Amino acid sequence: MEDQKVKKNTEDDEIDLIEVIKFLWDNRRKILVITAVFIALGLVIALTSTEEYKADAKLLPEVKSATGGTSQLIQQFTGSRSLLPDEGTDAIRPDLYPEILKSSPFFKELMQHEIKIKNENQTIEKEFFTYLQEQESGFSLISIIKKYTIKLPWTISKWIKGEETKDEAFSNLSILEDSPQLTEEEYKVAENLRGRISSNFDDKSAVITVSAEFPDPLIAAQVADFSVKYLTEYVTDYRIEKTKKELEYTKDILKEKKQEYHQAQKALALFRDANRNTVSAEVQSEQQRLQQQLNLAFNVYNSLAQQVEQKRIKLQEKTPVIQTLEPVQIPKERSKPNRALIMVVFAFLGIIISIGIVYGKKELANIRRQLAEKRLENQ
């Protein structure tokens with residue numbers, strides 16, 4: 001009995017599949033027309049999309065302990081502990097380096113950076129923020145289509161929320177004077193740049209890849225080069241800032257103690273010259289006191305001089321070495337758009353949506369027929 005039910009269900013499935021294929025074949029013209037419309041739309045988008053060029057650079061950061069190197073050798077050979085504290089490993093890990101290129105100070109400095117632009121036979125320099133504003137002001141068919149199709153939910157959301165709150169926030173930027181604040185226009189530009197500048201850290205190879213993608217290959221290369229330099233300088237400043245401040249502070253104290261040592265040395269010499277032929281307990285006691293002051297001043301001065309040398313060594317040790325595995329090159333081939341992929345995606349969407357439309361009409365007709373039959377039965 002169960003075998004007969006399974007056999008019956010299998011036959012029904014085969015009949016349904018045959019009916020589906022027959023239904024699609026009968027409506028092949030509608031499916032082909034709708035698919036052709038989508039293919040045409042994909043062709044328009046593929047041909048009118050702005051070409052993008054991506055410039056890359058690969059970096060190999062240095063990861064080391066802060067307690068190794070020359071300072072450790074000094075401790076081994078002198079048999080004494082270093083005067084510098086043990087600071088452990090590096091506080092900023094390489095896997096956090098990509099976050100540096102997402103910060104507001106980075107975008108602020110990038111927008112103020114002067115870039116070179118080639119116009120016909122001449123090369124001019126212009127502030128990057130000005131260049132981006134000029135590019136944004138141009139008319140773009142694709143941006144308009146995206147705004148009212150793909151990005152329509154976000155566009156509607158902005159209309160609903162309004163801009164009053166954001167305008168009020170940007171009008172109070174003067175309150176925060178200690179940190180670099182972005183203006184409203186700079187904030188919009190920064191949001192656009194977040195999608196164009198990227199960095200990635202590979203856990204296996206420990207290689208950092210910095211990329212910049214723009215319609216102009218020369219601009220992409222310049223932005224990628226600036227990003228690499230900013231990242232290198234930021235990490236270097238971060239690593240050596242504390243040690244550098246300590247070194248400068250110790251140098252200032254060393255100057256003061258050097259003067260005190262020279263004054264004590266001079267005071268002892270003058271006292272000896274003035275009491276050269278005098279022999280008394282009081283003179284010997286004063287000379288002994290001045291000698292002790294001189295010895296104390298010399299010991300402090302000598303100790304600070306050693307600290308300065310050790311801090312210089314520590315500064316050298318903490319200065320990171322970021323090797324460039326692959327320097328920035330001006331891209332020769334575009335990275336976007338992938339016209340073949342766009343055509344395939346739109347053709348696939350056309351087939352799926354056309355089948356959905358055809359089946360939707362069929363199901364809608366069935367629902368209407370069933371409702372009409374129920375109305376007749378009720379009458």
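This is a guided tour of the structure, arranged as a series of selections in the viewer.

**Before starting**

The model is predicted, so its local features need pLDDT of at least 70 and side-chain atom pairs count only at pLDDT 80 or more, while totals for chains, interfaces and linings use all residues. Residues are numbered from 1 along each chain as its sequence is written, and side-chain values use heavy atoms, with hydrogens and water left out.

Helices (H or I, at least four residues) and strands (E, at least two) are DSSP runs, numbered from the N terminus.

**Stop 1: helices H2 and H13**

Select residues 28-48, which form helix H2, together with residues 339-378, which form helix H13. Their axes come within 8 Å and cross at roughly 150°. Such axes are lines fitted to C-alpha atoms, for helices over the stretch in contact, and the angles run from 0 to 180 degrees between N-to-C directions. H2 and H13 are therefore roughly antiparallel to each other. In this scheme, angles under 35 degrees count as roughly parallel, over 145 as roughly antiparallel, 65 to 115 as roughly perpendicular and the rest as oblique.

The crossing of H2 and H13 is right-handed. A crossing is left-handed if the near helix is turned anticlockwise from the far one by less than a right angle, and right-handed if clockwise. The residues in the contact of H2 with H13 comprise 19 nonpolar, 4 polar and 2 charged. Here Ala, Val, Leu, Ile, Met, Phe, Trp, Tyr, Cys and Pro count as nonpolar, Asp, Glu, Lys and Arg as charged, and the others, Gly among them, as polar.

Next, pick out Val37, which has its place in helix H2. Is Val37 buried or exposed? At 51% relative accessibility, Val37 counts as exposed; buried means under 20% relative accessible area, exposed over 50%, and partly exposed in between (1.4 Å probe, protein chains only).

**Stop 2**

Select strand S2 (residues 114-119) and strand S3 (residues 122-127), which run antiparallel and are joined by 6 bridges. Two strands are taken to pair if DSSP finds at least two bridges between them. Asn119 stands opposite Gln122 in S3. The two strands form a hairpin with 2 residues between them, and Glu120 in the turn has a positive phi of about 55°.

**Stop 3: the four-stranded sheet**

Now display the open sheet of 4 strands, whose order is S4-S5-S1-S6 with antiparallel pairing. Which strands lie at the edges? They are strand S4 (197-201) and strand S6 (323-326), each of which pairs on one side only. From one strand to the next, the twist averages 25°. Strands of a sheet pair through backbone hydrogen bonds, either parallel or antiparallel.

Within this sheet, focus on strand S1 (residues 53-60), which pairs with S6 in the antiparallel sense over 3 bridges. Leu59 stands opposite Thr324 in S6.

**Stop 4: helices H11 and H12**

Select helix H11 (residues 217-274) and helix H12 (residues 281-318), which pack at an angle of about 160° with their axes 8 Å apart. That makes H11 roughly antiparallel to H12. H11 passes H12 in a left-handed crossing. The contact of H11 with H12 has 20 nonpolar, 7 polar and 14 charged residues.

**Stop 5: salt bridges**

A salt bridge is a side-chain nitrogen of Lys or Arg within 4 Å of a carboxyl oxygen of Asp or Glu. How many salt bridges does this rule give? The count comes to 14.

- Select Lys311 and Glu246, whose side chains meet in a salt bridge (3.4 Å, N to O). The pair links distant parts of the chain, with Lys311 in helix H12 and Glu246 in helix H11, 65 residues apart. Lys311 is buried, at a relative accessible area of 8%, whereas Glu246 is partly exposed at 23%.
- Move to Lys245 and Glu241, which also meet in a salt bridge (3.4 Å, N to O). Both lie in helix H11, 4 residues apart, about one turn of the helix. Lys245 is exposed at 55%, and Glu241 is partly exposed at 42%.
- Finish with Glu184 and Lys188, where the closest N and O atoms of the salt bridge are 4.0 Å apart. Because they are 4 residues apart in helix H10 (residues 184-194), Glu184 and Lys188 are separated by about one helical turn. Glu184 is partly exposed at 23%, and Lys188 is partly exposed at 42%.
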